[in-house]
Amino acid sequence: MQKPFLIVLIVAILGALAISQFTPELYSAIAFFTGAIIASVIFTLQPSAANATSGDTYTGPTMTLYVGNLPYRVHEGEVKELFGKYGPVSSVRLVRDRKTGRRKGFGFIEMSEAGAKKAMAKLNEFEFQERTLKVREAKSQDTDKNEAAQAS
């Protein structure tokens, strides 16, 4: 179940108990639905913390970072939280092996340009879950192809 649904359900039950105590002539089902409506209205009026820190709202210039030497058991959310301290994170892509599905220990983070520069300065050679991170600006695939063509 989702957390917002559980919160509304708990508040609805508590509201039903409270309303039925003050007005015993009301049926408990009516009290429950009244509590559910009140809880859902309160919940929708409150700004969500997840929406306030979401990277999807950032519309300025972005930069993609390469992050190497990541722990194999790390999850996208943990990496997003770490890099989110330095600016809005748009996406986190941790690379997996196609055959085994295991993470390869590196990934790419797309975030605000200013935040990416701060993150590169602060998180390169940073100790994260007993591993020393390598953080660099990611090279585009077009750049790699051009360099290979010029070398030959």
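## The model and its confidence

This is a predicted model, in which local features need pLDDT of at least 70 and side-chain atom pairs count only at pLDDT 80 or more, while totals for chains, interfaces and linings use all residues. Residues are numbered from 1 along each chain as its sequence is written, and side-chain values use heavy atoms, with hydrogens and water left out.

The predictor's confidence in each residue is given as pLDDT, from 0 to 100. The chain has an average pLDDT of 80, and 73% of the residues score at least 70. Confidence is highest in E6, at 95, and lowest in helix H3 (residues 49–52), at a mean of 47. Helices (H or I, at least four residues) and strands (E, at least two) are DSSP runs, numbered from the N terminus. Over residues 49–55 pLDDT stays under 50, and the model has four contacts beyond four places in sequence for them. A contact means heavy atoms within 4.5 Å. Where pLDDT is low, the predicted coordinates should not be read in detail.

## The sheet

An open sheet is formed by four strands in the order E2-E3-E1-E6, with antiparallel pairing. Its edge strands are E2 and E6, each of which pairs on one side only. On average, neighbouring strands of this sheet are turned by 25° against each other, direction ignored. Two strands pair if DSSP finds at least two bridges between them. Strands of a sheet pair through backbone hydrogen bonds, either parallel or antiparallel.

E2 and E3 run antiparallel and are joined by six bridges. Val92 has Ile109 in E3 as its bridge partner. The hairpin of E2 and E3 has six residues between the strands, and there Gly101 takes a positive phi near 80°. Elsewhere in the sheet, four bridges pair E1 with E6 in the antiparallel sense; the partner of Gly68 in E6 is Lys134.

Gly107 is buried, with a relative accessible area of 0%. Buried means under 20% relative accessible area, exposed over 50%, and partly exposed in between (1.4 Å probe, protein chains only). Leaving aside neighbours within four places in sequence, the contacts of Gly107 are Leu65, Tyr66, Val67, Leu70, Arg93, Leu94 and Val95. Gly107 and Leu65 are 42 residues apart in sequence, and their C-alpha atoms are 8.3 Å apart in space.

Arg103 also lies in strand E3, and counts as buried at 13% relative accessibility. The side chain of Arg103 reaches the backbone oxygen of Val74 at 3.2 Å. Beyond four places in sequence, the residues in contact with Arg103 include Tyr72, His75, Glu76 and Arg96.

## Helix H4

Which residues of helix H4 (residues 76–84) are buried? They are Val79, Leu82 and Phe83. Seen down the axis of H4, these buried residues fall within an arc of 90°, so they line one face of the helix. The arc is that of the directions from the helix axis to the C-beta atoms. An α-helix has 3.6 residues a turn, so residues three or four places apart point the same way.

H4 lies across E1, E2, E3 and E6, and runs at about 135° to E2. Axes are lines fitted to C-alpha atoms, for helices over the stretch in contact, and angles run from 0 to 180 degrees between N-to-C directions. Among the elements that cover the buried residues of H4 are helix H5 (113–123) and strand E4 (127–128).

The buried residues of H5 are Gly115, Ala116, Ala119 and Leu123. They cover an arc of only 100° around the axis, which puts them on the same side of H5. These buried residues pack against E1, H4, E3 and E6. Ala114, Lys118 and Ala121 are exposed, on the face of H5 turned away from its buried side.

The loop between H5 and E4 holds Glu125, which is not a glycine but has a positive phi of about 70°. Glu125 counts as partly exposed, at 46% relative accessibility. Phe126 is found in the loop between H5 and E4 and is partly exposed at 31%. Apart from neighbours within four places in sequence, Phe126 is in contact with Leu82, Arg131, Thr132 and Leu133.

In the loop between E1 and H4 is Asn69, not a glycine either, with a positive phi of about 65°. Asn69 is partly exposed, with a relative accessible area of 30%.

Technical notes
A polar contact is a pair of N or O atoms within 3.5 Å; within protein, one must be able to donate a hydrogen and the other to accept it, and residues adjacent in sequence count only if both atoms are side-chain atoms.
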